[in-house]
Amino acid sequence: MQVDFVIMCGGYGSRLKPFTYIIPKPFLTANNISPFEYTLRNIPKKLKVRKIFVTVFYKKDFIKKKLKKQNENIQIIIEKEAMGTAGSLRTIVKKDCSRNIIITNGDIYSKIDYKKLLDNHIKSNSDITMCIKSHKINIPYAVMSKKKNQIFFKEKPVIVKKINAGIYVIKKNFLVNFFMKNRNNFVNMNQLFENEKKINIFDIGNKWIDIGHINDF
């Protein structure tokens, strides 16, 4: 089955300033490769991607120049104003796009199996598949708990939480219906999930890095 791919590159990268005063976050390099380039390289040919949409707003001229020599299937979606983390999808679903759309944040390094993700999404018959990852939080102190009149301490526990990995598969028809009901140009991704019952969860494993903060970078 054919699919379209969306790479979100419109954010300000505020948490990585001063680096992002010049270069937008998806194009900052680590080990001589940017998250954007890493994402492109990891889209398998067997996935049958028709089009790759790249959404841009901040530093749009930099990105347009950067993408001139890239894959001919890339289409740049320019936001004239800030539209939130999902607002640009309104423009994309108005175009000739596939039944299912894979969407990823442009600032993550991930070696996800996109073919397996798409197959899982279709099999689940869901409107949205959200990718998650286990995240360990090391607490460097003893943690206290109280049960009835007894006090308990656990030394330096490791807490494991499931986090949103910033990768999704969404049905085109769901997005069309959503934007028909929601006329605001500014839409964040979490609004797509509100009151939506047909949501599938896909665990992508550990091959995922977000460069959201200076220390991560």
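How accessible is lysine 115, and is the residue buried or exposed, or does it count as partly exposed? At 27% relative accessibility, lysine 115 counts as partly exposed, where buried means under 20% relative accessible area, exposed over 50%, and partly exposed in between (1.4 Å probe, protein chains only). The model is predicted, so that local features need pLDDT of at least 70 and side-chain atom pairs count only at pLDDT 80 or more, while totals for chains, interfaces and linings use all residues. Residues are numbered from 1 along each chain as its sequence is written, and side-chain values use heavy atoms, with hydrogens and water left out.

**View A. The salt bridge of aspartate 119 and lysine 115 in helix H4.** Aspartate 119 forms a salt bridge with lysine 115, with the closest N and O atoms 2.8 Å apart; a salt bridge is a side-chain nitrogen of Lys or Arg within 4 Å of a carboxyl oxygen of Asp or Glu. The two residues are four apart in helix H4 (residues 114-124), and are therefore separated by about one helical turn; helices (H or I, at least four residues) and strands (E, at least two) are DSSP runs, numbered from the N terminus. Aspartate 119 is partly exposed, its relative accessible area being 38%.

**View B. The salt bridge of glutamate 37 and arginine 41 in helix H1.** The side chains of glutamate 37 and arginine 41 meet in a salt bridge at 3.4 Å, N to O. Both residues lie in helix H1 (residues 35-41), four residues apart, about one turn of the helix. Glutamate 37 counts as partly exposed at 22% relative accessibility, whereas arginine 41 counts as exposed at 60%.

**View C. The salt bridge of aspartate 203 and lysine 162.** Here the side chains of aspartate 203 and lysine 162 meet in a salt bridge, at 3.2 Å from N to O. This pair links distant parts of the chain, with aspartate 203 in strand E10 (residues 199-203) and lysine 162 in strand E9 (residues 158-171), 41 residues apart. Aspartate 203 is partly exposed, with a relative accessible area of 38%, while lysine 162 is exposed, with 51%. Elsewhere, salt bridges that share partners join Asp4, Arg50 and Asp96 into one network, and the structure holds six salt bridges.

**View D. Lysine 65 in helix H2.** Lysine 65 has its place in helix H2 (residues 60-66). The residue is exposed, with a relative accessible area of 67%.
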